[in-house]
Amino acid sequence: MGRRNRAAGLPVMLRPVPKGRPTDASALADVRAALGVAPRRRDLLIEHLHAVQDAVGYLTSDHLNALAEEMGLTPAEVYEVATFYHHFDIVRDGDAPPPPLTVRVCDSIACEMAGAADLLAALRDGLGAGVRVVPAPCIGRCAGAPAALVGARAVDRASVEAVRGLVESGAVDAEVPSYAGFRPYRDFGGYDVLRACVEGERPYEDVHAVIQASGLRGLGGAGFPSARKWTFVRAEPAPRYVALNADEGEPGTFKDRYCMEADPHRVLEGLLIAAWAVEAESVWIYLRDEYPACREILTRELDALRADPPCALPEIHLRRGAGAYICGEETSLIESLEGKRGEPRLRPPYPAQVGLFGRPTLVHNVETVYWIPEILRRGADWFASEGRRGRSGMRYFSVSGRVKEPGVYLAPAGVSARELIDEYAGGMADGHDFYAFLPGGASGGILPASLGDEPLDFDVLAEHGSFIGSAAIVILSDADTAAAAAVNLLRFFRHESCGKCTPCRVGTAKATGLMAERPRKWDTGLLDELAETMADASICGLGQAAANPIRSVLRFFPEEVER
Amino acid sequence: MSEVRFTLDGVEVAADDGETILMAARRAGVRIPHLCYADGMRPDGNCRACVVEIDGERVLAPSCCREPADGMVVRADSDRARRAQRMVLELLLCDAPAEAYRRDSELGLWARELEVDGARFPPRQQPLPDYSHPAIAVRLDACIQCTRCVRACREVQGNDVIGYAGRSAEARIVFDAELPMGESTCVACGECVQACPTGALMPAGLEVEDTPPVAAASQGKWYGPHRSELRPGTDGARDAAP
């Protein structure tokens, strides 16, 4: 109220003690120094929270208050956003600030199977007071399970020794892998397709027809035909926007990271072609905070691209998530880009009609745009002629769990789980027999090995109550149970639910409670009822899919939970 | 104004352009439970108690936010829709205090009507009460996270003292940066108390809100159940609280 009264020219203090928290001068100085000359726009709130936390190390109540004052927001607005995102460390009055270094140990499905719980316990005992060790949802390194982030430094096959070594040597910055930079990409014909599009050599109708004929679909998981998305967005009035969904967070999925770390300019070229296709004025890249190496790469390479543009470019904004799986849901992503809590919007209207800042918005996944330049170079047939068992196309499969060589594999649509294990991933790990698999990360359900010869692709798994989603294939063996996997996945959903709608917010909490209460004898009737409402009545895909693991266990593995 | 004709529970219903299914249903005398919706406030569609089944759609739709289309076939009373409505009420009820703070709690009202109790799920860990404010008692153990108070404070009054903080099952109503309400910038306008459907926010000093809702509804602003939704026998809600 103090601020508002001042603005209105009214006396600031109408009572001996002003209501609310007074602004702390030194916190305000910190905030101003951290923000520099950056605009104080509302949509930059999350960026500014990062800036203050990067400078100070954490966010005190005074800093949040000062940031509100500086941005012309109310304390409630800043606080509700800051507390939504797990990567913001809020230190309330009387609480001790966190130690300067944080080690995040991934405890999602593949890492849990590889011993994350033991690692977490050992690190908590073994690293001393200057380091905070916390569990973290999937950090997209499932091929290197168990994985951890030491500061911004990613560690695969993490051990206490390896983590301690990094902590002691202070090597806690992001380790940028080698990748194709701007010059080599350009030298090998990169951005030629974009240039041809922008300069009128390739008319929109032809480009659209090629993408349509290729059958390219949304590879983030929803599988919506990409060309049709373009048609919808283009039919809406300008200005239009494009958002790139680089918030890969589905447990078991790490193919978008692979695309960005291996060939970032192919991602950017595909994104810019899509922006040209819908005549977008501006482009936003929403990158998850768990991928600091990708952030470094994209920052560098966007600079290189802007310094030597192959043609006219739209405005490109790189935005940083803050630890929220839900922001991979496209309407939550849009809310987050606007600087708000990442809560999904109700549909209709769809983002193609009312998206970012109320404008028609095209949202594409990283891998989807990664394919666009190559399809336009080589033709629709090159892409569409791949496929097994009558399916068409190809995509990257993230394969993890009990296989000899987990990793990202390019495979034809319709490949089976058994083929992925044997032809691509070097077979099952020694001493392990194929028992079950997750075809689509945490969301897609759990299928028994007896369905290991089914084609993996969009649509075809629906009859098994399952879907391929982001093609995150996690292989379970006779050392695992589907029930334990389901508990892990439900815990993940409980942690990541945004809290907006009842079926998801309360449903995930009650489901985890019921499952943990009697791990070998679930209340199957009640869980089944709950699962139906979560699937039917939740606002977004997170809540709708969150009960899939439960339903899979009840359908395919009832003997595990009815002992 | 153009008119839309659709089928609701087997009966053809007319809706005005821009009217939601819930509003059309109310005029037609079809009762659909709802909690986060209140007259005079932007519908948010978060509680999901009002979900209905629409022919041809994969999942249920919140009737408070969805406008009918010509020829749409909607069922509020199908087994599937009712199962979801009941489950939503049950999930909220199992986390509510054993005895409601208001006899006319909207949650209790709908739960009684749909014959739901909250006994099958273990309750959540409850937050402590906050009696720091001279005029408003805050007992968030009765909170159903519907955010009506947030919209009342932010969008109706423009005070923006109340926020919805945290995430998942820890998502909660806060005042400023989670201050006790009495230390926050609250101006005690009372809009949030009017908006709260369960008595989580109530006039301080009242152990049980005793105002019969029909009487209250006739006096100025009232966010509670619409008159048409209060049935004889449930309106005074004098029977035992859930």
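View 1. On the side of chain B that touches chain A, the elements giving two or more residues are helix H2 (79–93), strand E7 (162–165) and strand E8 (172–175) of chain B. H2(B) gives the most, seven residues. Helices (H or I, at least four residues) and strands (E, at least two) are DSSP runs, numbered from the N terminus. The rule also finds eight salt bridges across this interface, a salt bridge being a side-chain nitrogen of Lys or Arg within 4 Å of a carboxyl oxygen of Asp or Glu. The side chains of A:Glu529 and B:Arg120 form a salt bridge, at 2.9 Å from N to O.

**View 2. Buried area between chain B and chain A.** Contact (heavy atoms within 4.5 Å) involves 55 residues of chain B and 52 residues of chain A. The two chains bury about 4100 Å² between them, 53% of it on carbon and sulfur atoms. B:Arg48, B:Tyr164 and B:Arg167 supply 18% of the area that chain B buries against chain A, more than any other three residues. Buried area is the accessible area (1.4 Å probe) that two parts lose on being put together, summed over both.

**View 3. The second largest pocket.** About 770 Å³ of space lies in this pocket. Its lining has 32 residues, and B:Gln125, B:Gln126, B:Pro127, B:Ala169 and B:Arg172 lie nearest its centre. H21 (502–517) of chain A and E8 of chain B each give two or more residues to the lining; H21(A) has the largest share, with five. A pocket is an open set of points on a 1 Å grid over the protein atoms alone, with protein on both sides within 12 Å along at least five of seven lines; lining residues have an atom within 4 Å of a point. Points are joined across faces, edges and corners, and a volume is the space filled by probe spheres set on them.

**View 4. The largest cavity.** Six cavities of 30 Å³ or more are found in the whole structure, a cavity being a set of grid points where a 1.4 Å probe fits but cannot get out. The largest cavity holds about 100 Å³ of space. Of its 14 lining residues, B:Cys143, B:Cys146, B:Cys149, B:Ile173 and B:Cys196 are the closest to its centre.

**Notes.** Residues are numbered from 1 along each chain as its sequence is written, and chains are lettered from A and ligands numbered from 1 in the order in which they are written. In this predicted model, local features need pLDDT of at least 70, side-chain atom pairs count only at pLDDT 80 or more, and totals for chains, interfaces and linings use all residues, while side-chain values use heavy atoms, with hydrogens and water left out.
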